Amino acid sequence: MERKKLQKSDLSRWLDRIAQEHELIGPSEDDGVIRFQPVESSAEIAVEFANSLIPPKSLFFPAVESLFSFHKRGKDIELEATEPLDRDRVVFGIRNCDVQSLSLLDYVFGQDLEDVYYQERRARTALIALACPTPPRSSCFCTTFGIDPLSSDGSDVLLTDVGDVYLVDVVTEKGEGLVSLAEDLFPGLTDDEARQLQPRPVEMKKVDISQLREKVEALWEDEYWHKMSLPCLGCGICTYVCPTCHCFDIVDVGSTLEGERYRCWDSCMYSDFALMASGENPRPTKRERIRNRYFHKFSTFPSRYGSGYACVGCARCLIHCPGGMEITEVIKDILAKESISE
Amino acid sequence: MQDRLHDIVRKLLGEGTIEYFIGYGAGSEPHRVVPCFVTSDHEVERLVWGPLCLQNLSKYVLQAKDLEGKAGVLVKGCDTRAIVELLKQHQIEREEVVVIGVACQGQVDPRTLEEVLGVPMEQVQGVEDAGDQFVVTIGEDERTVAKEQVLLGKCLYCRHPSAFEYDFTLGEIVPFSIDAGESEFAMVEELERLSVEERRAFWQKQFARCIRCNACREVCYACYCKECIFDRKMPRWLDKPPLLSENEIYHLIRAVHLAGRCIDCRECERVCPMNLPLSRLYKKVQKDIAELFDYEAGIELDEVPPLVSFELDDQDPFM
Amino acid sequence: MAVEGSETGGNGFEPKILMFACNWCSYAGADLAGVSRLQMPANCRVIRVMCSARVRPEFVITALSKGLDGVVVLGCHPGDCHYSEGNYFTRRRGLFLKKLLEYVGIEPERFQVRWVSASEGAKFADTVAEVTRQVKALGPNRPRRNAQ
Ligand code: SF4
Ligand code: SF4
Ligand code: SF4
Ligand code: SF4
Ligand code: SF4
Ligand code: FES
């Protein structure tokens, strides 16, 4: 891996150069909400931000996407697949928690069954990560899940703010390609600089979660879930803003003669999420639904995919939950429970 | 006031009058105040009262119907309107709930406070009420800010800051009012002055931004239907994908369902993660209901809601 | 029902208009217009309902949001509703809904309420003609809406 530097004042030139070749996507503010969206030029990109409200998973697994359209002509049905992308994309400004969330989603959309829509978007998108400001926002707790907000793991290029310049870590070939679009902006570092220009270490409250899975699994029947679920309103905010939540629904919109098949986000917090045609609902109350969410994050997902926990500590759910549900507190509560075997 | 709150709740729990109390509690960070369900004596200390107690807790009274006993709840003046409506709409019985009313002195809008102070909420350690201003603690510093600068939009026009339907109060009822300088419907009138195309452009942009997380519905005291029209499968009223047409249907139908019931608590707007200007829609609903039928929701217990009644001499432009 | 299709106002746009007519007055009025062989444009699709109060605001909203060009609700004259008071509720809803729809940018001509009695065949025909003309002048409600 190669380390270079980029003057902060040159960032926009580089991004605008990229925008000439690819679709440029960055955190940009619209009606007070920061989300990752395509931009015409670097001027629309917010560089000073904690993190986006809607996680960048939406770029790979959109809130709503058309899978194909259908037309019935006589007895024939014509299907037309929707192309997920028309050109290669470059995402600027993604945080490392969100990069790591993509590696978790890769299991879901790639391990057992390959989801072509997701896969194509992943393959044709380069990630320019932006290391988090130090100190990061106070609610963040990614380090608890072993994520280093300054790491370049999983991205193609990483920029780290060290004052007037960004340190530029070029991680992959894709990343090299992007840097080579404006080679002259990226001088190497002198030995002195390499020593002096160091990111400030991140201090974050960190919880030992090595026993989390075991502890949560012992709590399946516990009364805890009832009481803790009382403030939950059953909206979908926590799941929609979560970079690792990935439930979806597939719905045909139109008539029997023509229409489109859409995939859209769904939420296990909705009362009708597990409802079956018979009328039976295996998760009839908030208690079962919220338990499901935490179980999925801390037990079901890791056991199914042999991965780590399905939470990256981005704190979005905690910040936006209208019921004041704080995942950090839930984790503490779970860890504080005596496990049954003891 | 907080002490008196603790005393009352302790007594209610101790006597077994209530099974739990729904109040405000400190979140894991000082600027975050969260709904707090207290079931036992040792949790009572968690209850707080101050200018960051934003939620309308009346919504939670609905789920307390499942209890064998009663629940207690803390309400501000504006929240009382939800209690009145829930009684009027036969959703709760008055004896099922113990209401502790408080004389609210205005609540802080965190988004506005961040803007006015230029400091993110996460650095705010506390906000105290001090007459016509708030004292905000940021690190070692204390900064004062005039109330009218940072109040929630609804507080600027509040006509009922003190709870008016209650079993207990937290001390004296202290009047509170702010001269907002313009009409409470100014934000509606501003849109009404635009052309129909401009209004369409405005709302289509907003409806397109909605991700249909349903938080605005779930937080609304009036959305208690056992099966919401939007969740019905047969017949299906709404397709699930958040397409513009579906989002528009969602918001307009909800607006119609709230006609004569919206109490201007603005919880829908406050919780919307996408920052949709929902109060501009619901203020319109309130304005039309007031102008057409001279009715305001959540004030009088025995007033008949306007869309389930009529007058023979209602205006009639449809001849 | 006699149909006249050529009066298109020149722009070639043929709006789709949904018309709800109550069984007891307005639908009978439509029938009368038909048997009297009154000329009417063919843009209105009539749905018979038992009473104008059967028309939930949700019907109107859904139709307009899904792209129909106009919605008309027809009922008995106040005082004449077969169910005594149904149309008084229709009137209140209509008053409210019209304002709401205008506020979000739907032209007032696209949603109308009219009272048409069983003997008012001519009024029915006039209403159809007038609404069609108005909606045609406005143009299509909006392009078919796709994903954001
Ligand atoms: S935990 Fe919070 S965000 Fe999630 S469904 Fe419940 S109220 Fe909504
Ligand atoms: S902190 Fe919340 S939103 Fe973020 S990854 Fe974990 S569960 Fe999802
Ligand atoms: S809370 Fe906001 S984003 Fe969610 S459904 Fe309501 S308007 Fe849409
Ligand atoms: S939107 Fe309408 S149907 Fe749905 S819960 Fe609210 S009032 Fe009931
Ligand atoms: S619509 Fe919004 S303002 Fe009106 S009662 Fe419901 S949550 Fe409150
Ligand atoms: S029956 Fe005609 S309006 Fe009621």
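Into which domains is chain A divided? Chain A splits into domain 1, covering 2-196, and domain 2, covering 212-336. Keep in mind that this is a predicted model.

## The two domains of chain A

Let's start with how those two domains sit against each other. Taken over C-alpha atoms, the centres of domain 1 of chain A and domain 2 of chain A are 26 Å apart. Domain 1 of chain A puts 40 residues into the contact, and domain 2 of chain A puts in 44 residues.

Interface size is often quoted as the accessible area that is lost when the parts come together. For domain 1 of chain A and domain 2 of chain A, that comes to about 3500 Å² buried between them, with 65% of it on carbon and sulfur atoms. Which residues of domain 1 of chain A lose the most area to domain 2 of chain A? They are A:Phe70, A:Phe141 and A:Phe145, which together make up 19% of what that side buries.

There is charge pairing here too: four salt bridges turn up across the interface of domain 1 of chain A and domain 2 of chain A. Elsewhere on the list of pairs to look at in chain A, the side chains of A:Asp98 and A:Arg316 meet in a salt bridge, at 2.9 Å from N to O.

## Where chain C meets chain B

Now for the contact between chains. Chain C brings 40 residues to it, while chain B brings 53 residues. Between them, chain C and chain B bury about 4100 Å², and 64% of that is on carbon and sulfur atoms. On the chain C side, C:Arg92, C:Phe96 and C:Tyr103 lose the most area to chain B, together 23% of what that side buries.

How many salt bridges are found across the interface of chain C and chain B? The count is five.

## Cis prolines

In chain A, the bond from A:Thr134 to A:Pro135 is cis, with omega near -5 degrees. You'll find A:Pro135 in the loop between strand S7 (125-130) and strand S8 (157-161) of chain A.

Over in chain B, B:Met234 and B:Pro235 are joined by a cis peptide bond with omega about -10 degrees. Here B:Pro235 belongs to the loop between helix H9 (215-219) and helix H10 (244-257) of chain B.

## Arginines with positive phi

Chain B also has some backbone angles to check. B:Arg212, a residue other than glycine, has a positive phi near 50 degrees, and lies in the loop between helix H8 (196-209) and H9 of chain B. Is B:Arg212 buried or exposed? B:Arg212 counts as buried because its relative accessibility is 8%, below the 20% cut-off.

B:Arg266 has a positive phi as well, near 60 degrees. This arginine sits in the loop between H10 and helix H11 (267-271) of chain B. With a relative accessible area of 11%, B:Arg266 is buried.

## A nonpolar patch on chain C

Finally, the surface. C:Trp24, C:Met50 and C:Tyr83 make a nonpolar surface patch of about 300 Å². Of these residues, C:Met50 is in the loop between strand S2 (44-49) and helix H2 (57-65) of chain C. Its relative accessibility is 44%, so C:Met50 counts as partly exposed.

How values were computed:
Residues numbered from 1 in each chain as written. Chains lettered and ligands numbered in written order. Predicted model: local features only at pLDDT ≥ 70, side-chain atom pairs only at ≥ 80, totals over all residues. Heavy atoms only, no water. Patch = residues over 30% accessible without salt bridge, like charges linked within 9 Å, V, L, I, M, F, W, Y side chains within 5 Å. Areas by Shrake-Rupley, 256 points an atom, 1.4 Å probe, with all protein chains shown as cover. Helix = DSSP H or I, 4+ residues; strand = E, 2+ residues; numbered from the N terminus. Buried < 20%, exposed > 50% of the residue type's maximum accessible area, 1.4 Å probe, protein only. Domains from an automatic or database assignment. Contact = heavy atoms within 4.5 Å. Buried area = accessible area lost by both parts, 1.4 Å probe.
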